[in-house]
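Dear colleague,

Please find below the sequence and structure that I am handing over to you. My notes on what was found follow directly after.

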Amino acid sequence: MSPNQLAAKIRAGGEVLLMCDYDGTLVPLAPHPSLAQPGPHLLDLLRRLVMRPHLHMAVISGRSLDELRELLPVAGLYLAGLHGAYVLTPDKRVVSLIPSGKEKIPWAEIFKLAQKLTAGLPGFYLENKGEAVAIHYRLVPPKTAASVLHEFRRSMEPYHIFGIEFLEGNKVLEVRRRGINKGLAVTYFIKKWPRALPVYLGDDKTDADAFSALPPNGLAVRVGNVLTTETPYFLPSAKEVVELLAHLV
Ligand SMILES: O=P(O)(O)OC[C@H]1O[C@H](O[C@H]2O[C@H](CO)[C@@H](O)[C@H](O)[C@H]2O)[C@H](O)[C@@H](O)[C@@H]1O
């Protein structure tokens, strides 16, 4: 289905809840996270979309809320960061979707271990997201990456009692709190606008949880070829996602 045809299907829903992943969906993947920036055209489209009556828009990403806020300075846009752990509302409230009573996780220690294992090895990039740690290995020779990641998984064994889990993304291994996934954020937004047609666009394994959280009337749109989840709709790349947004403005 072309972006134009998909836009017509979405518009037919009347009130719409449009939820998008960021990396690989709104912007193409880049060699380094800092290089995956939104262009002025995308920002302009988002600013116009949030003004549309009957359209609610949210970006749900593995990035931290602070990063998302900097990347997407769009008033009126809902942001969900850290794989759906936190939502930033347009009136600047941060809503935690982490179930209460969860144990504290020693994130600083986990980050230090990742630093120790990658020290002096070119190509690795570590992200300390405060409540998640990501080891990026896109620029690392595969053998080195495999052995460091194996060692990291081993060194994390004593930390599983704190309720952590691994998440394999696109050339990145992340440690996050167990039970947190993008499905939580999708459910949060659907509860907020129960009458809207929910639409989710995503490209990565982490988006599979978001697709699963859609109700039967929801539209799941897979972007690119990384994700193997079967979805009814497909767009080849972030370029077509931007085209779709332009048709919805
Ligand atoms: O949920 P998303 O918005 O898709 O975020 C998932 C992770 O995306 C970022 O890493 C990925 O994109 C980078 C920029 O294109 C790329 O260099 C990296 O290899 C990819 O894994 C981000 O840095 C992570 O924090 C997100 O969890």
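How do the residues of the shell around the ligand divide into nonpolar, polar and charged? Before the answer, please bear in mind that this is a predicted model. The shell around the ligand divides into eight nonpolar, eight polar and eight charged residues.

**Ligand site and domains**

The ligand is surrounded by 24 residues, and the closest are Tyr 22, Asp 23, Pro 33, Ser 61 and Gly 62. Strands β7 (133–136) and β9 (172–177) each supply at least two residues of this shell.

The domain assignment of the chain gives domain 1, made of 3–98 + 181–248, and domain 2, made of 107–177. Both domains give residues to the shell around the ligand, so the ligand lies between domain 1 and domain 2. The C-alpha centres of domain 1 and domain 2 are 26 Å apart. In terms of contacts, 15 residues of domain 1 meet 16 residues of domain 2. The side of domain 1 that touches domain 2 has seven nonpolar, six polar and two charged residues.

**The eight-stranded sheet**

An open sheet is formed by eight strands in the order β5-β4-β3-β2-β1-β10-β11-β12, with mixed pairing. Its edge strands are β5 (94–96) and β12, each of which pairs on one side only. Neighbouring strands of this sheet are turned by 20° against each other on average, direction ignored.

Strand β1 (residues 16–20) pairs with β2 in the parallel sense over five bridges, and Leu 17 stands opposite His 56 in β2. Further along the order, β10 and β11 are paired in the parallel sense over four bridges. Val 199 faces Leu 219 in β11 as its opposite residue, while the bridge partner of Tyr 200 in β11 is Ala 220. Strands β11 and β12 run parallel and are joined by three bridges, with Val 221 opposite Tyr 233 in β12. β11 is mostly covered, as four of its five residues are buried.

**Leu 55 in strand β2**

β2 is likewise described as mostly covered, with five of its six residues buried. Leu 55 belongs to this strand, which spans residues 55–60. Is Leu 55 buried or partly exposed? Leu 55 counts as partly exposed, because 19 C-beta neighbours lie inside 10 Å, whereas a buried residue needs 20 or more. Leaving aside neighbours within four places in sequence, Leu 55 is in contact with Val 16, Leu 18 and Leu 49. Leu 214 is 159 residues away from Leu 55 along the chain, and the C-alpha atoms of these two residues are separated by 17 Å.

**Helix α8**

Helix α8 comprises residues 238–248, and its buried residues are Ala 238, Glu 240, Val 241, Val 242, Leu 244, Leu 245 and Leu 248. What covers them includes the helices α1 (3–11) and α2 (40–49) as well as the strands β10 (197–202), β11 (219–223) and β12 (233–235).

**The four-stranded sheet**

A further open sheet has four strands in the order β6-β7-β9-β8, and its pairing is antiparallel. β6 (125–128) and β8 (164–169) stand at the edges with a single partner strand each, so one side of each is left without a neighbour in the sheet. From one strand to the next, the twist averages 15°.

Within this sheet, β6 and β7 pair in the antiparallel sense over four bridges. The bridge partner of Leu 126 in β7 is Ile 135. Helix α4 (residues 107–118) packs on the sheet and touches β6, β7 and β9, and the direction of α4 makes about 15° with that of β7. Of the strands that α4 touches, β7 and β9 are also those named above as each supplying at least two residues of the shell around the ligand.

**Points to look at in the viewer**

- the ligand, with Tyr 22, Asp 23, Pro 33, Ser 61 and Gly 62 as its closest residues;
- the parallel pairing of β10 with β11, and of β11 with β12;
- α4 packed on the sheet, in touch with β6, β7 and β9.

With kind regards

Technical notes: Residues numbered from 1 in each chain as written. Predicted model: local features only at pLDDT ≥ 70, side-chain atom pairs only at ≥ 80, totals over all residues. Buried ≥ 20, exposed ≤ 12 C-beta atoms within 10 Å, placed from the backbone. Contact = placed C-beta atoms within 7 Å. Near = placed C-beta within 6 Å. Nonpolar A, V, L, I, M, F, W, Y, C, P; charged D, E, K, R; others polar. Domains from an automatic or database assignment. Pairing = 2+ DSSP bridges. Axes fitted to C-alpha atoms, helices over the stretch in contact; angles between N-to-C directions.
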